[in-house]
Amino acid sequence: MHRTTTVPVSSVPARTHWAVAAGVGAALAAAWWLGDTAPYPYAQRGLLDVPLPFLTADRMDAVLQPRPGERILEIGPGTGLQSLHVAPQLGPEGRLDVLDIQQEMLDHVMCRAERHGLVTIRPTRSDARELPYADGTFDAVYAVTALGEIPEPDRVLREAARVLAPGGRLVIGEFFDRHWIPFGRLHRLADLAGLHLTERRGPSPAYLARFRPCSAPAPLRQSEHLADGVRDGVSTTRKDRDHRVEQPGAR
């Protein structure tokens, strides 16, 4: 008769499990952070269709305010998450231009547009630091999680201001990643580019901000308010905002 002897197996302490999990998480985070190159690689395009907190379609509509018949420029459309949402709102008489440095991204957007029956999107492969459009071409320009991936964002902002029609609007959306531009820095760059802030929504790690050229501001509508919590010395009173517009050099 054989006797079976059971040898007790010591359990792994809970803290060891947590340490392993934390190590794996840190490794994944480091891989994401270090592998986040600019421009965003087409091979990782799947992540571009993931909706981001605070940068929702409803918030985008409220800040960009696309209208039928307008011509709008999107810088860095990625796979077309914003493009496919904005273009239909411009109607058959409107037009959405999408500009990207990567032809693969533009091709992807146009394939999706064709599947959705959208014929008012026009792609252009170019550098956003030298926009290939005449002065005053667009009613609005926007870039969502794209500005930080472009070298010399100050040049991009100046070019955006140049191609805006009188009273046009520029919308910038940023979300925290390796190339994120904090709101304070964006506001300073916008000032230098001759753009004044008319609205901001969301915290600095995930925000949408709208600007207008200081030289030709449109009348401030009730919907164009400065959201609560705006920092970096931005005035929140109508009187102060009007003062900034009338004296653009006194910043």
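In this predicted model, strands β1 and β4 pair in the parallel sense over three bridges; two strands count as paired if DSSP finds at least two bridges between them. Helices (H or I, at least four residues) and strands (E, at least two) are DSSP runs, numbered from the N terminus. Residues are numbered from 1 along each chain as its sequence is written. Because the model is predicted, local features need pLDDT of at least 70 and side-chain atom pairs count only at pLDDT 80 or more, while totals for chains, interfaces and linings use all residues; side-chain values use heavy atoms, with hydrogens and water left out.

**Strand β1 and its partners**
- Glu74 stands opposite Tyr142 in β4.
- Strand β2 (residues 95–100) is joined to β1 by five bridges, and the two run parallel.
- Ile75 stands opposite Leu99 in β2.
- Four of the five residues of β1 are buried, so β1 is largely enclosed by the rest of the structure. Buried means under 20% relative accessible area, exposed over 50%, and partly exposed in between (1.4 Å probe, protein chains only).

**Overall make-up**
- The protein has seven helices and seven strands.
- From the N terminus on, the order of elements is α-α-β-α-β-α-β-β-α-β-α-β-β-α.
- Of the 251 residues of the protein, 42% count as buried.
- Among contacts (heavy atoms within 4.5 Å) between residues at least 6 apart in sequence, 73% join residues at least 24 apart.

**Nonpolar cores**
- A nonpolar core is a set of buried Ala, Val, Leu, Ile, Met, Phe, Trp, Tyr and Cys residues joined through side-chain atoms within 4.5 Å.
- The largest such core has 31 residues, of which Ile75, Val141, Leu157 and Leu186 touch the most other members.
- Two or more residues of this core come from each of β1 (71–75), β4, α5 (153–163), β5, α6 (183–192), β6 and β7.
- Helix α5 gives the most to this core, with five residues.
- A second, separate core of 20 residues includes Leu64, Ile121, Val171 and Leu208.
- Leaving aside neighbours within four places in sequence, Val141 is in contact with residues including Leu73, Ile75, Ala160 and Val171.

**Helix α2**
- Met60, Val63 and Leu64 are buried in helix α2 (residues 57–64).
- These residues cover an arc of only 85° around the axis, which puts them on the same side of α2; the arc is that of the directions from the helix axis to the C-beta atoms.
- Among the elements covering the buried residues of α2 are α3 (83–86), β4 (138–144) and β5 (164–175).
- Gln65 follows α2 and has a positive phi, near 55°.

**Aromatic rings**
- A search of the whole structure finds three aromatic pairs. Rings of Phe, Tyr and Trp (its six-membered ring) pair if their centres lie within 6.5 Å; planes under 30 degrees apart count as stacked, over 60 as edge-to-face and the rest as tilted.
- Tyr133 and Phe138 form an edge-to-face pair, 4.9 Å centre to centre with 85° between the planes.
- Phe183 and Tyr207 also form an edge-to-face pair, at 5.5 Å centre to centre and 80° between the planes.
- Phe183 lies in helix α6 and Tyr207 in strand β7, so this pair ties together parts that are 24 residues apart in sequence.
- Both Phe183 and Tyr207 are buried.
- Arg200 lies over the face of Phe183, at 4.2 Å from the ring centre; a charge sits over a ring if NZ of Lys or CZ of Arg is within 6 Å of the ring centre and within 35 degrees of the ring normal.
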